Amino acid sequence: MEAALIVVGGGRMGTALVEGILSSGYLTASSIVVVEPDVERRAMLRLAHDDLILVDTPEIEHIGEKTGGVLAVKPEVAESAARLLGGLGIQRILSVVAGIPAARLEAALPQPIPVIRAMPNTPALVGAGVSAISGGSHVTKADLDWADELLSSVGTVVRVPERQLDAVTGVSGSGPAYLFLVAEALIEAGVTAGLSRETARTLANETILGAGRMLVESGQSAEELRAQVTSPGGTTAAALRALEARAVRSAFVEAVMAAVERSRSMGR
Ligand SMILES: NC(=O)c1ccc[n+]([C@@H]2O[C@H](COP(=O)([O-])OP(=O)(O)OC[C@H]3O[C@@H](n4cnc5c(N)ncnc54)[C@H](OP(=O)(O)O)[C@@H]3O)[C@@H](O)[C@H]2O)c1
């Protein structure tokens with residue numbers, strides 16, 4: 001049966017995308033093929049979605065004129081997975097693989113096929129992801145629109161030149177992990193200050209969610225929002241002073257630059 005989408009790699013990111021696409025209603029389970037060699041992962045996906053087409057290798061019968069492919073495998077196998085899809089006649093490929101340039105995937109393909117690169121992040125799982133996309137050398141506006149629409153079903157999409165994707169990886173691709181670390185630290189701090197772990201967890205998690213929503217929904221900048229909760233000589237001012245004394249801002253810049261550099265080196 002011809003699929004609308006073939007997702008190669010049913011790991012964390014592949015699953016996040018499929019889950020997001022299904023819960024948004026953008027595609028139905030029976031129109032998506034997930035290629036996943038791991039039997040247990042396939043079984044888990046099968047439990048969650050009865051109608052999903054789960055295979056260990058894609059077949060020509062899955063691919064029609066409108067079938068798009070998503071590469072969600074580790075970088076080491078990205079080129080061979082692209083070659084496989086290209087050989088079966090896939091129409092376009094969206095790669096979420098970190099660090100592998102579109103040109104390398106294009107070179108692995110048996111014929112010129114549009115390759116769109118994307119850097120999504122795992123909040124796609126709850127429909128709150130953010131992805132940056134950029135097109136390779138055979139990409140038309142229609143290909144970019146396709147990728148945009150697909151990823152919009154799991155969050156916000158921005159378009160950037162491909163050379164900026166390493167920077168995107170450092171900010172938003174790896175970004176959720178930085179905020180999970182902040183959450184862990186806040187919970188630990190709450191427990192240290194005398195709260196139960198459960199209460200500290202609720203307070204920390206909801207604070208991050210609420211602050212995130214304000215950032216996106218209020219139309220105000222992070223700086224303005226911070227100033228509003230920082231009364232002169234107050235509790236927040238005391239806390240922020242302690243954070244600045246530990247150079248937290250600079251630590252974030254260094255962390256992001258370390259991720260950017262790692263992403264660059266993976267692409268070499
Ligand atoms: N996780 C993130 O936050 C994130 C964010 C942005 C981009 N990405 C990118 O997304 C890609 C996948 O990352 P991930 O975190 O989802 O990794 P992952 O959980 O390890 O998933 C990769 C999946 O692909 C499967 N696979 C390996 N070789 C395959 C092949 N030849 N054909 C089909 N499937 C194959 C793996 O199966 P086995 O385990 O059996 O090998 C695994 O299930 C990576 O390139 C990463 O850079 C991830």
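Q: Which residues have the most contacts inside the largest nonpolar core?
A: The model is predicted: local features need pLDDT of at least 70, side-chain atom pairs count only at pLDDT 80 or more, and totals for chains, interfaces and linings use all residues. Residues are numbered from 1 along each chain as its sequence is written. A nonpolar core is a set of buried Ala, Val, Leu, Ile, Met, Phe, Trp, Tyr and Cys residues joined through C-beta atoms within 7 Å, buried meaning 20 or more other C-beta atoms within 10 Å of a residue's own, with C-beta atoms placed from the backbone. The largest core holds 51 residues, and those with the most contacts inside it are Val7, Val8, Leu17 and Leu71.

Q: Which helix gives the most to this core?
A: Helices are DSSP runs of H or I, at least four residues, numbered from the N terminus. With five residues, the one that gives the most to the core is helix 1.

Q: With which residues is leucine 17 in contact, leaving aside neighbours within four places in sequence?
A: Contact requires C-beta atoms, placed from the backbone, within 7 Å. By that rule, the partners of leucine 17 are Val7, Val70, Ala72, Pro120, Ala124 and Val154.

Q: Which helices each supply at least two residues of the shell around the ligand?
A: There are 26 residues around the ligand, and Gly9, Gly11, Met13, Val97 and Ala98 come nearest; the criterion is a C-beta atom, placed from the backbone, within 6 Å. The helices that each supply at least two shell residues are helix 1 (12–24) and helix 3 (75–87).

Q: How far apart do the C-alpha centres of domain 1 and domain 2 lie?
A: The bounds, from an automatic or database domain assignment, are 5–162 for domain 1 and 175–267 for domain 2. Their C-alpha centres lie apart by 32 Å.

Technical notes
Buried ≥ 20, exposed ≤ 12 C-beta atoms within 10 Å, placed from the backbone. Contact = placed C-beta atoms within 7 Å.
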